[in-house]
Amino acid sequence: MKAKAVFKTYDQSQLSLLPPSYDDLVPTNHPVRIVNTIIDQIDISALERSYKGGGTSSYHPRMLLKVTIYAYLRNIYSSRKIEQALHENIHFLWLSGQSKPDHNTINDFRGKRLKGKFKNIFNQVVLLLADQGVLSLKDLFVDGTKIEANANRYTFVWGKSIKTSKERIKKQLKELWSYVEKVYAEEQMLPNEPDFDAIDPDEVAKTIETINEVLKDKGIDKKVKQKLNYAKKHWPGNLEKYQKQEAILGKRNSFSKTDPDATFMRMKDDYMQNGQLKPGYNLQASTNNQFITNYTLAQTTADTTTLKDHLQDHIDSYTQTPDTLTADAGYGSEENYTDLEEKQVTAFVKYNYFHKEQRDKKHKENPFHPDNLFYNEEEDTYYCPIGQAMNNIGSYQSETKTSFKQQIHRYQATNCKGCPLRGSCHKATGNRIIERNHNLIRLKAQARSLLLSEEGIAHRKRRCWDVEAVFGNIKQNMGFKRFMLRGMDKVTTEIGLIAMAHNLKKKIWDSLKRLSHIFFFTRNNLPKRYISKQ
């Protein structure tokens with residue numbers, strides 16, 4: 001006979017003798033409790049002082065901070081979805097104490113209240129983790145990644161386009177002025193030629209007005225009149241627009257009209273690293289043990305120019321200088337090496353062609369390469385493979401885009417005529433000339449020695465899984481590939497929330513992993529009679 005199915009009691013109208021507590025519904029080791037405990041230890045007095053007195057009461061900033069951080073930890077980035085969670089999710093209800101701020105309040109808190117104040121909160125959490133021994137601020141691993149801005153990818157302004165447009169106006173203005181010169185030549189008068197190099201809206205308007213006055217009663221071509229009318233109507237306004245755009249550009253080569261702080265960068269969209277230009281920000285992160293210790297955002301596409309400011313931001317945040325810094329070849333420049341040397345930071349930073357030097361036999365065995373020529377430091381003279389002296393013929397100073405000055409020395413062979421090795425040595429018409437940057441050569445030799453040491457090899461291996469794994473977690477596991485906010489200040493706060501969420505998630509994961517190890521260790525060492533046969 002078939003047994004009758006028995007169901008558990010189901011009655012939605014069942015009353016409780018005592019009302020249930022949200023605290024009973026949240027497990028002891030749940031991540032929401034860890035977020036609550038950590039944020040309760042943080043000093044947010046600076047954030048509290050930003051609130052003005054008077055008017056209606058405000059939601060407590062500590063509650064809003066907890067809710068926002070926990071939402072980012074749960075991969076919830078939309079203010080409307082956070083609002084929804086505060087009405088539906090038991091963990092959010094417990095964390096907020098049943099407060100239910102709307103999406104406007106959440107967005108204003110995230111975009112305005114935390115602006116300029118969240119970095120200090122993040123640093124406090126990092127110091128808290130450092131005190132617990134889960135990370136160290138002495139050894140940093142630095143890398144960068146690009147994150148797409150919340151902006152239209154098809155509305156952009158290019159610096160080269162502005163320059164081309166201004167040059168075109170300058171050329172056409174000269175053509176129009178040539179008609180004035182013809183009139184003055186016929187009347188045997190000398191015109192006061194305007195300064196065409198100073199393309200200024202007011203000056204261009206005056207020049208066009210002058211041309212109109214001179215050609216007013218003259219019989220000129222209709223096309224010239226049309227061009228003059230077009231110039232009078234459009235050129236001053238266009239030049240004023242170009243001035244404003246150049247002020248926004250600064251030292252950049254592009255910006256987005258939707259988010260003017262975003263620069264167009266090439267994003268890696270797939271596994272083959274194919275991509276297209278999109279508005280974005282260059283995120284620079286320092287990590288240790290896969291915890292983010294510091295973050296900065298740059299508007300430049302190259303990592304090289306970001307390291308100096310990023311390191312200084314770390315020093316300013318924690319009032320201490322790291323012992324070591326490890327980075328890839330994108331950061332190897334004379335300016336960065338010099339800055340690290342001045343700050344007394346041991347730099348395991350590769351430079352361009354570092355790997356090529358180690359693997360390429362042609363480079364090592366090529367006797368004509370400037371790096372392989374013998375140099376007499378006392379006499380400041382190089383010697384070519386045939387033994388001929390290459391004397392110093394002078395030096396000059398070059399300047400990088402960041403205004404860093406480099407000293408370049410030039411050396412020339414005495415006589416290359418008739419040399420049997422000339423065809424292999426160089427192809428210049430005269431005597432061979434080489435240029436050498438002695439300071440960079442010294443810094444690269446120092447970096448090479450550190451990178452090839454046992455400690456350097458260990459740091460280079462660790463960098464791959466320490467900092468790059470963090471970017472993989474943020475983009476793949478947390479699904480954060482595009483900012484929700486706009487503007488440098490707001491996206492800096494947002495990436496700080498992402499960094500905080502990553503660190504807390506890493507802390508929670510490490511705690512659970514440690515508990516599982518303890519469980520399995522205990523289980524494996526118990527007598528068999530205490531272990532369930534299941």
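This is a predicted model: local features need pLDDT of at least 70, side-chain atom pairs count only at pLDDT 80 or more; totals for chains, interfaces and linings use all residues.
1. Ground rules: local features need pLDDT of at least 70 and side-chain atom pairs count only at pLDDT 80 or more, while totals for chains, interfaces and linings use all residues. Numbering runs from 1 along each chain as its sequence is written, and side-chain values use heavy atoms, with hydrogens and water left out.

2. Serine 286 sits in strand S5 (residues 277-288); strands are DSSP runs of E, at least two residues, and helices are runs of H or I, at least four, numbered from the N terminus. Beyond its neighbours within four places in sequence, its contacts (heavy atoms within 4.5 Å) include Leu140, Phe291 and His310.

3. The salt bridge count is 21, the rule being a side-chain nitrogen of Lys or Arg within 4 Å of a carboxyl oxygen of Asp or Glu. One of them pairs lysine 119 with aspartate 313 at 2.6 Å, N to O. Lysine 119 is in helix H8 and aspartate 313 in helix H12, so the bridge ties together parts 194 residues apart in sequence.

4. Arginine 436 bridges to aspartate 371, with the closest N and O atoms 2.9 Å apart. Arginine 436 belongs to strand S13 and aspartate 371 to the loop between helix H15 and strand S9, so parts 65 residues apart in sequence are tied together. Arginine 436 is buried at 10%, whereas aspartate 371 is partly exposed at 38%.

Conventions. Buried means under 20% relative accessible area, exposed over 50%, partly exposed in between (1.4 Å probe, protein chains only).
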